[in-house]
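Subject: Structure handover

Hello,

Here is the structure I promised you. Please open it alongside this email. My notes follow below it.

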Amino acid sequence: MMKNWESHCHRCGLCCYEKIRQADGSWILDISNPCPWLDENTMQCKVYKRRLTVYPRCRRITIWRALFARYLPPSCGYVRNLRPGFFPKSRLVILESLRNRTDRR
Ligand code: SF4
Ligand code: SF4
């Protein structure tokens, strides 16, 4: 079950950066500020199996987050595969000046 669940993740690593909540409910992705455990060369977590204990701020993607979390990018596999169109849309903004870097991922 967990294997199937996690297969929705295509390991882009975009949920492993700081996100800044805006007053209007949207989020800005701060890709200058990665999780200390993210390997930015591979975009893989260096402690994946132990991540929830090693880094308490790490959040497992639950069905609730897959359906409602506005900070997940629209490209996230959980959002694309599981979130029906009438559910809340992703409201993650990647600053234009940073977009070239994230487009390569
Ligand atoms: S600890 Fe969590 S937030 Fe940090 S790189 Fe690993 S999966 Fe991403
Ligand atoms: S944003 Fe979604 S697809 Fe990308 S690493 Fe995070 S959970 Fe996986």
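Below is what I found, from the overall fold down to single residues.

Please keep in mind that this is a predicted model.

Overall layout

The protein has five helices and five strands. Starting at the N terminus, the order of elements is α-β-β-β-β-α-α-α-β-α. There are 105 residues in the protein, and 11% of them are buried. I also looked at contacts between residues at least 6 apart in sequence. Of these, 38% join residues at least 24 apart.

The core

Which residues form the largest nonpolar core? There are ten: C15, C16, W27, L29, A69, L72, C76, Y78, V79 and L92. Two elements, strand 2 (27-34) and helix 4 (77-82), each give at least two residues to this core.

Y78 then contacts H8, C9, I61, A66 and L72.

Ligand 2 is surrounded by 13 residues. The closest are C9, C12, C15, C76 and G77. Its shell divides into nine nonpolar, three polar and one charged residues.

Where do the positive phi values of R11 and M43 fall?  Both residues have phi near or about 60°, and neither is a glycine.

R11 sits in the loop between helix 1 (2-6) and strand 1 (17-21). R11 counts as partly exposed because it has 14 C-beta neighbours inside 10 Å. A buried residue would need 20 or more, and an exposed one 12 or fewer.

M43 is in the loop between strand 3 (38-39) and strand 4 (44-45). M43 also has 14 C-beta neighbours inside 10 Å, so M43 counts as partly exposed.

That is everything from my side.

Best wishes

How values were computed: Residues are numbered from 1 along each chain as its sequence is written. Chains are lettered from A and ligands numbered from 1 in the order in which they are written. This is a predicted model: local features need pLDDT of at least 70, side-chain atom pairs count only at pLDDT 80 or more; totals for chains, interfaces and linings use all residues. A residue is near a molecule or strand if its C-beta atom, placed from the backbone, lies within 6 Å of it. Ala, Val, Leu, Ile, Met, Phe, Trp, Tyr, Cys and Pro count as nonpolar, Asp, Glu, Lys and Arg as charged, and the others, Gly among them, as polar. Helices (H or I, at least four residues) and strands (E, at least two) are DSSP runs, numbered from the N terminus. A nonpolar core is a set of buried Ala, Val, Leu, Ile, Met, Phe, Trp, Tyr and Cys residues joined through C-beta atoms within 7 Å. Two residues are in contact if their C-beta atoms, placed from the backbone, lie within 7 Å. Lists of a residue's contacts leave out its neighbours within four places in sequence.
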